[in-house]
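Here is a set of questions and answers on one structure. Look at the sequence and the model, and try each question before reading on.

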Amino acid sequence: MSLRGSFAEATDAYQLPKLIRLDKNLYAACFTLMKMIPARFILRRAAQQGRLDPGTVIVETTSGTFGLALAMQAVHMDRRLILVSDPVIDERLYRRLTDLGAVVERVPAEAAKTAGGYQAARLDRLEQIMTDLDAAFCPRQYSNPDNPRAYSIVAEYLLECLGQIDCITGPVGSGGSMCGTVGQLRALLPECRAVGVDSHSSVLFGHPDGPRELRGLGMSLMPDNLNHRIFDQVHWVAPAAAYTATRQLHQRHALFMGPSSGAAYLAGRWWAQANPDALTVVMMPDEGYRYQDTVYDDDWLAARGHLGQPLPAEPVMVDDPAQPSGSWMAYDWARRAYHEVMSPVAAAQGEPG
Amino acid sequence: MWLGGSSPAPAHPELLTPGLTAGIGSAIAHHGELMQGVFEDDAGQLRRALVTMPLPGRGSQAVFYPSQSHWGVVGPSGLTKARRAAIYTLREFAAHPSPAKGGRVEITSNVPHGIGMGSSTSDVTATIKAVADYHGVSLSREEVGRLAVLAEMASDSVMIDDRVVLFAHRDGVVLETFGHRLPPMTVVGCDTAPGEAVETLSLPPADYSDAEAGEFQVLRGALRRAIATEDVGLLGKVATASARINQRYLPKPGLEPLIELCLRYGGAGLQIAHSGTIAGLIFDARRSRIDTDGCVLGIKELGFAVTDIIEPARPQATRVAQLAAS
């Protein structure tokens, strides 16, 4: 009934995922650059509300895809953008960001040795820049409620395409995509399940903080935008299992996605097989190009001992989410608040955990 | 046209200029809405909008008796919106070769007032059509919609009767066309506050939150699919979700018991009048058996009054077959 048309601008073309059927009850929602959804929404709304006039500089701390999305949208809106990053930023990403006109500041390498590491140094530098500028706007993806709010467009699209959705599985970082998509979808389908995928040594769902190799999911700090009550189940996937699943996604379905997509695919595929009458959608946040020299390189995988490891057939279901166990573990979070899970006794007595 | 070929004799012949005929128009009522909230237009601006649940069994008929000697429009007392509609419509025809100066509007209606069936919108719509009819012009449905909103500030979309639309009821514009018709539904209607009336314009417009705007966007996507695929089950979920959001603004007594009653009888969901007291239990009319008697009993047990049982329009082919058989 509707005529297919053109996009008003490049970032508009990044809004909707490609919805691809992987099995009779399993679909992948494949994004080229999922962070474009909150980046575009936050900047456009700020401009509408008069918080981002032409003289205002956008400032954010990021070394990932959110920065790229901001840089692209800043081109359309003709705004200056300063990104605070660190020396480990991917060199190709750095070149792309600067080509888009962004100023990328890297905190000195010595910061890694100080308390709080790069993350603290980046936040300090961000505050300094904000103070020095006459007019600055910081999108703050981890706390800005417009981040989850932006995903109504995804929930709308999934419902238009599928009508009924019983489970959404996806990686969790800022909390924006899963909490925003599922939270808004539940206005229509309150029973729709949410299965979050985290990485070992991420604090999001109770692991002790530690070094993490797997990129694109997991955090060292708890983001305000993560609403734990959204989640029915949480999976933790170790790097080797995530990489193997990412390659299987490519080999079996010709889908060239990043490792956070692979981790979500592993959990979603298992959930769909365990629930054959339910329709499952897996959120896949970015494509494989950034990982061609790593996840898609057998030599790189072999050098890290990730090659040839058999993928577990199912996760280890645990009773205590704070105890890391195996390369793939899962826990029935049951839509509870963080403190209800972590300090059940205190929560039952009505005290914050 | 509703009244057929001959116009009834005017009650006040002195207002009728000799030689001029009367104009006639009609409009159906509605049984509240399937969805109402805030939605983005093509430019990304949020507008209040709704999707009407038509009620073809009720409606208004208007007759416009023109006057060439008197400015102004007279009509039944209390129908100020219809009089205003006639005045605005007359202005539209100021450049017509033989415009009426003013006139008188008579309205016959079987639409109850104040319960959310759009009594004033059907009066207003019928009046606009009657004035246009007198001038020998058939206005487009969108034009009638624009004039209706001008006359009564907010208007359901009963005048757009050839398709299912998302209608910005305070701007008089169509935001989206979902399809040509609704899927076949049987709706068992009831009044959740019998005897109480709601004056639409006295209600403050619902102050929807930003989070609710996001939820309405999601409902819009689901409704798009429900109408395109004739999925009554999905449409019922959309109506129920919209009704639940509305509970924050004009709460319906017994909303959850009604939803529960509907689902117990195998229904799809509950639609409501977002500025009225009526509600409707939605069933897929293609189901082999719908226990409307049981539903009616359940509604009465909740202390509510049954209004109408809306059946889908019979397909033309069936009627032809019946005629051939008789």
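A residue counts as buried if 20 or more other C-beta atoms, placed from the backbone, lie within 10 Å of its own, as exposed if 12 or fewer do, and as partly exposed in between. This is a predicted model, in which local features need pLDDT of at least 70, side-chain atom pairs count only at pLDDT 80 or more, and totals for chains, interfaces and linings use all residues. Residues are numbered from 1 along each chain as its sequence is written, while chains are lettered from A and ligands numbered from 1 in the order in which they are written.

Q: What percentage of the residues of chain B count as buried?
A: Chain B has 326 residues. Its helices and strands number eight and ten; helices (H or I, at least four residues) and strands (E, at least two) are DSSP runs, numbered from the N terminus. The share of chain B that counts as buried is 50%.

Q: Among contacts in chain B between residues at least 6 apart in sequence, what percentage join residues at least 24 apart?
A: Two residues are in contact if their C-beta atoms, placed from the backbone, lie within 7 Å. Taking the contacts in chain B between residues at least 6 apart in sequence, those that join residues at least 24 apart make up 72%.

Q: How far apart are the C-alpha centres of domain 1 of chain B and domain 2 of chain B?
A: Domain bounds come from an automatic or database domain assignment. For chain B that assignment gives domain 1 as 13-176 and domain 2 as 181-325. The distance between their C-alpha centres is 24 Å.

Q: Which element gives the most residues to the side of domain 1 of chain B that touches domain 2 of chain B?
A: In this contact, 26 residues of domain 1 of chain B meet 37 residues of domain 2 of chain B. On the domain 1 side, β1 (23-40), β2 (46-67) and β5 of chain B give two or more residues each. With nine residues, the element that gives the most is β1(B).

Q: What span should helix α3 of chain B have, at 1.5 Å a residue?
A: The expected span of a helix is 1.5 Å times one less than its number of residues. Helix α3(B) covers residues 141-152, which makes twelve residues, and its end C-alpha atoms are 16 Å apart.

Q: Which elements are included in what covers the buried residues of α3(B)?
A: The buried residues of α3(B) include Val144(B), Leu147(B) and Glu152(B). Just after the helix, Met153(B) takes a positive phi of about 70°. The cover over the buried residues includes, from chain B, α1 (80-92), α2 (119-134) and β5.

Q: Which residue in the hairpin of β5(B) and β6(B) takes a positive phi near 70°?
A: Two strands pair if DSSP finds at least two bridges between them. Strands β5 (residues 164-168) and β6 (residues 173-179) of chain B pair in the antiparallel sense over five bridges, and Ala168(B) has Val173(B) as its bridge partner. Four residues lie between the strands of this hairpin, and the one with the positive phi is Gly172(B).

Q: Which strands are the edge strands of the open sheet of four strands in chain A?
A: This sheet has the order β5-β4-β3-β6, with parallel pairing. Inside it, β3 (residues 57-61) and β4 (residues 81-85) of chain A pair over four bridges, with Val59(A) opposite Ile82(A). The strands that pair on one side only are β5 (103-106) and β6 (136-137) of chain A.

Q: What is the bridge partner of Val316(A) in β12(A)?
A: Eight strands of chain A form an open sheet with mixed pairing. One of its edge strands is β11 (316-317) of chain A, which pairs in the parallel sense with β12 (residues 328-331) of chain A over two bridges. The partner of Val316(A) is Met329(A).

Q: Which element supplies the largest share of the side of chain A that touches chain B?
A: The contact takes 13 residues from chain A and 17 residues from chain B. Both α6 and α7 (176-185) of chain A supply at least two residues of the chain A side. The largest share, seven residues, comes from α6(A).
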